[in-house]
Amino acid sequence: KEPIEKDVPQVFEFQSGMSSIVSTRDAEYPDVPKPNLLARVSSEVPLTRATILKIFRGIKQSHQMEFLKNPEAFIAQFIQILSEVVKNHIAKHIEYTPTSSSDDEDKNELFPNDKRFPVTELEDANEEQSIYNKIQVDSNVERNFVKRLNEVGAPGNVQLYFKFPPKYKVLLPKIIGNYNPDWAILRTDGSNRKLEIVRETKGTEDINALPHTNEARKIICGYKHFAAIGVDY
């Protein structure tokens, strides 16, 4: 009934007649089912099993042994680390190529006549510049942003602005998730030339200061997407 650990000798002594027999045994790893590491990881991270095995073999043996001690905890951490590396790699190297324009999206579905939101999430909009008379905001940063756009003679000669509806997505690989931009703005530059811009309202200009790493990755991909179609982002 004594606890045993690997590489820690445990002495068991008992009487057999007049003599004493001493037995020493090493503890072994718990006899628990070992999940299929390659199958589990490949189902979560877009890497081949051969690549995952190569990575596993490349880590320290002491870390590999953690799989035997606590398979579930090891797999969870292994997936989390690999996932972060793959997402960063995709965001760094993704490329967008413009194709022929498409009007497949139903504008009435994206911008219905009536929309419902909690009153606390609404801010008055300038009806001459906005599609709706109210704008839904998610934070005080967005609330202040809308108030500035509503000001008379707002900077940049804003002609139109709207918040992208949740259904509007910039397509990204599944592991990162599709991206829903914040704001679209149409303005003139003083010579009546129209400028289309897309903006994020995050409360900081430092992308590394965002609380969630996936937000930063989506913004990096968004920049490349809008640059490919000539929209200031």
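**Salt bridges and cores**

Student: Where do E66 and K69 sit in helix 3, and how many residues apart are they?
Tutor: E66 and K69 are three residues apart in helix 3 (residues 61–69), so about one helical turn separates them. Helices (H or I, at least four residues) and strands (E, at least two) are DSSP runs, numbered from the N terminus. This is a predicted model: local features need pLDDT of at least 70, side-chain atom pairs count only at pLDDT 80 or more, and totals for chains, interfaces and linings use all residues. Residues are numbered from 1 along each chain as its sequence is written, and side-chain values use heavy atoms, leaving out hydrogens and water.

Student: What do E66 and K69 form?
Tutor: A salt bridge, with the closest N and O atoms 4.0 Å apart. The term means a side-chain nitrogen of Lys or Arg within 4 Å of a carboxyl oxygen of Asp or Glu.

Student: How many salt bridges does the structure hold?
Tutor: Eleven. One of them joins E109 and K167 at 3.3 Å, N to O. E109 is in helix 5 (residues 107–110) and K167 in the loop between strand 5 (158–163) and strand 6 (183–188), so the pair ties together parts 58 residues apart in sequence.

Student: New topic. Which residues touch the most other members of the largest nonpolar core?
Tutor: L37, V41, F78 and F226, out of 33 residues. Helix 4 gives the largest share, eight residues. Such a core is a set of buried (under 20% relative accessible area, 1.4 Å probe, protein chains only) Ala, Val, Leu, Ile, Met, Phe, Trp, Tyr and Cys residues joined through side-chain atoms within 4.5 Å.

Terms used:
Buried < 20%, exposed > 50% of the residue type's maximum accessible area, 1.4 Å probe, protein only.
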